Amino acid sequence: MRCRERLMVALLLSPLGVGAGLVQAEQQQGVDYGSRWNMPTGVTEISREVHSLHMIIFAICVVIAVVVFGVMFWSLIRYRRSRNKDAAHFHESTAVELIWTAVPVVILIAMAVPATATLKKIYDPSDAQVDVLITGYQWRWRYEFLNEDVAYFSNLSTPLEQIEGQQAKGEAYLLEVDEPLVLPVDTKVRFLLTSNDVIHAWWVPELAVKKDAVPGFINESWTNIEQPGTYRGQCAELCGRNHGFMPVEVKAVSQQEFQTFLDEKRALALAEKAKESKQWSMAELMEKGEAVYTTYCAACHQPNGQGLPPAFPALAGNDNMISASGLDIHIERVLYGKSGTAMPGFAETLSAVDIAAVVTYERNAWGNDTGDAIQPEQINQILTAEE
């Protein structure tokens, strides 16, 4: 079964809306994934408890179904018209009324007691050793390790050729990203979730974490992963046209590897900052701009710049922006988007280098050939002047 299909089956099977899932990298060792048609136990204490609850409630539902349908079919056969038997009447039976009321109450208590204990644990993020702020954007996630000076975006990395049916779909189709969330094993990690635009939901079945990311609110959740590996999920809220293109990928590593990851991210951020004062050549801007365009713009405006009018106008030959007088409008659109349309602003999500490069690329690709080479310093000057 494909990775994405298992994810959807897990969502349908989850009785608590939290559920463990069926998605996991095939190469993981020592993890009990259970049957392909049932939820696995996951890789955290909470996910195992959720799995146990699922099995308990499933067993209760099976027993109820067998008893109810058994009595119903036995009655239909035994008291069918051809046998001419009179059915018994219990309308005035106090004993039956008591049993009819007491049995469901006992069943509900049997389900509520263990479920409440697990819910109390799920809602207790105290004593966390690592704090991660997760912010939902259309359609990507931003991860910030609080007090570590590390933050980055995570974007879908499935090639457009697979999405458009020009290539065979990979095992992790629409569930793979360019920058996974890296977390240490055997560490309590607290998640703080919010959103920059619409409501999203951060969901990783193997970790038994599913929490809404709501604009203006901070929700909490946590996990403590016990085994290294790659665990996949996706946004579980209908957040817009590209909702299905918003996967979650968590990479669990050892404590030492996690510290190395943080050090590398800090060094990379400093190197990227230094690039903002560099004078970029046209070739460098075009190469960088094509990569940025493919990641952030191509899904709407298409790889050939022809767009999907009227929702997403063509950039190729667009006289409103791709002209000498349209440069300021072009940069403003990329920085701040366009109100009332699906065009988002990238001033907070892309660096000055990325914005300068993608504007340069759009003004010189697909036959536009304006010759404009926008430098990161120009973008920073605009941003500084508007502060």
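Trainee: Which residues are linked with E45 in a network of salt bridges?
Mentor: E49 and K121 join E45 in that network. Keep in mind that this is a predicted model.

Trainee: How far apart are the closest N and O atoms of E45 and K121?
Mentor: They sit 3.5 Å apart in the salt bridge. That pair ties together distant parts of the chain, with E45 in helix α2 and K121 in helix α3, 76 residues apart.

Trainee: Is E45 buried or partly exposed?
Mentor: E45 counts as partly exposed, because its relative accessibility is 41%. K121 is partly exposed too, at 33%.

Trainee: OK, and how many salt bridges does the structure hold?
Mentor: There are 15. One of them joins the side chains of D131 and R190, at 3.0 Å from N to O. Here the link runs between strands: D131 belongs to β1 (residues 130-137) and R190 to β5 (residues 189-195), 59 residues apart. R190 has a relative accessible area of 22%, so it is partly exposed.

Trainee: Which residue forms a salt bridge with E276?
Mentor: That would be K273, with the closest N and O atoms 3.5 Å apart.

Trainee: And E276 itself, buried or exposed?
Mentor: E276 counts as buried, at 12% relative accessibility, whereas K273 is exposed, with a relative accessible area of 56%.

Trainee: Switching topic: which residues form the positive surface patch?
Mentor: R78, R80, R83 and K85 make up that patch.

Trainee: Where does K85 lie?
Mentor: K85 is in the loop between α2 (45-78) and α3 (94-122). With a relative accessible area of 36%, K85 is partly exposed.

Technical notes: Residues are numbered from 1 along each chain as its sequence is written. This is a predicted model: local features need pLDDT of at least 70, side-chain atom pairs count only at pLDDT 80 or more; totals for chains, interfaces and linings use all residues. Side-chain values use heavy atoms; hydrogens and water are left out. Patches are made of residues with over 30% relative accessible area and no salt bridge: like charges are joined within 9 Å, nonpolar side chains (Val, Leu, Ile, Met, Phe, Trp, Tyr) within 5 Å. Accessible areas come from the Shrake-Rupley method with a 1.4 Å probe; for residues, only the protein chains shown count as cover. A salt bridge is a side-chain nitrogen of Lys or Arg within 4 Å of a carboxyl oxygen of Asp or Glu. Lys and Arg count as positive and Asp and Glu as negative; His and the chain ends are not counted. The place of a charge is taken as NZ of Lys, CZ of Arg, CG of Asp or CD of Glu. Helices (H or I, at least four residues) and strands (E, at least two) are DSSP runs, numbered from the N terminus. Buried means under 20% relative accessible area, exposed over 50%, partly exposed in between (1.4 Å probe, protein chains only).
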